[in-house]
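Trainee: I would like a close look at one part of this model, the cavities. Please take me through it in one go.

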Amino acid sequence: MTLSLRNQCVLITGASSGIGKSCAQFFAQAGARLILAARRKDKLQTLSDDLQKQYQTQTLLLCVDVQDFQTVTTAIEGLPTEWKAIDVLINNAGLSRGLDKQYDSPIQDWEEMIDTNIKGLLYVTRAVVPGMVERDRGHVVNIGSIAARQTYPGGSVYCATKAAVKSLSEGLKIDLLGTPVRVTNIEPGLVETEFSNVRFRGDDGKANSVYTGMMPLTPDDIADTILFAVTRPAHVNISEIFVMPTDQSSVAHVHRRTV
Ligand code: NDP
Ligand code: 8X3
């Protein structure tokens, strides 16, 4: 039997934009209660107001930087009683910085990617999963990437962080064996979001060129995929989903139409 999300408590990191924001919309439509986490509180507030209007969704906003262990732990430990029992965790907060060669890249860019994509994901997982084990229910969805499978020029540190997400997803599932808690790693190809804009630090020209002439995935495509994984019957664990635009066959092969 497929699972209902009605009144389920879902924590989404990186809910202020892109894939995380679409997840909030899809899960709200499915009747879930949402804990929306990110650093930009104004974006979370606007999203929350929209979801309240559209679906009467109950939301709780967590303005956190996942890189900060203490902030994450305190925020999750301090959740009001009615929000403590998290049923689904979507570890989506993440970013890339630049496309510099590994031997030539600013150290700060490495720190930010590693601290967000690996350590941040671990901090949130560490704070949430013990409760899932205790309550005998839960699902962790990690957002990996095609970058975990294929490395591209200038992307080695970002790719390494997503390879780590793959290992951490597999390792968490192994450590949870014998519990009903499920783990899914979603690995998308190109999705048009703020991702490239963040990678190129606001250079719209460079960011837009990533998607020129091709049809990328939309954040809704990924939210829909996550919703599918989470609503499978309780005995089914979708371990990985590798989802690509039809116009992309590898990190190096993108079909672009010329005008
Ligand atoms: P966006 O830039 O649109 O969204 C990223 C989200 O992560 C934002 O909500 C941002 O919120 C949040 N975030 C970033 N750093 C932090 C932090 N330190 N603490 C808390 N939240 C943070 O990009 P996407 O939606 O594309 O990215 C979502 C995930 O998908 C990432 O993990 C990315 O690596 C992955 N991915 C993206 C692909 C793509 O092509 N777009 C393909 C494959 C995977 P705020 O700035 O408000 O904190
Ligand atoms: C994001 C997709 O190919 O830009 O993970 O790394 S890619």
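Which helix gives the most to the lining of the largest cavity?

Mentor: H6 does, with 3 residues. The model is predicted, so local features need pLDDT of at least 70 and side-chain atom pairs 80 or more, while lining totals use all residues. Residues count from 1 along each chain, chains are lettered from A and ligands numbered from 1 in written order, and side-chain values use heavy atoms, without hydrogens or water.

Start with the count. There are 4 cavities of 30 Å³ or more (sets of 1 Å grid points where a 1.4 Å probe fits but cannot get out; lining residues have an atom within 4 Å of a point).

The largest cavity has a volume of about 80 Å³ (the space filled by probe spheres set on the points, joined across faces, edges and corners). Its lining holds 15 residues. Nearest its centre lie Asp100, Ser105, Met113, Gly154 and Val157. Helices H5 (107-135) and H6 (156-176) each supply at least two lining residues (DSSP runs: helices H or I, at least four residues; strands E, at least two). By class, this lining splits into 5 nonpolar, 6 polar and 4 charged residues (Asp, Glu, Lys and Arg are charged; Ala, Val, Leu, Ile, Met, Phe, Trp, Tyr, Cys and Pro nonpolar; the others polar).

Now the second largest cavity. About 50 Å³ of space lies there. Its lining includes Leu11, Thr13, Ala37, Leu62 and Val124. Val64, Val66, Val72, Ala75 and Ile76 line it too. Strand S1 (9-13) and helix H3 (69-77) are the elements giving two or more residues. H3 has the largest share, 3 residues. The classes here are 9 nonpolar, 1 polar and no charged residues.

Definitions and conventions:
1 Å grid on protein atoms, 1.4 Å probe; cavity = no way out; pocket = protein on both sides within 12 Å on 5 of 7 lines; lining within 4 Å.
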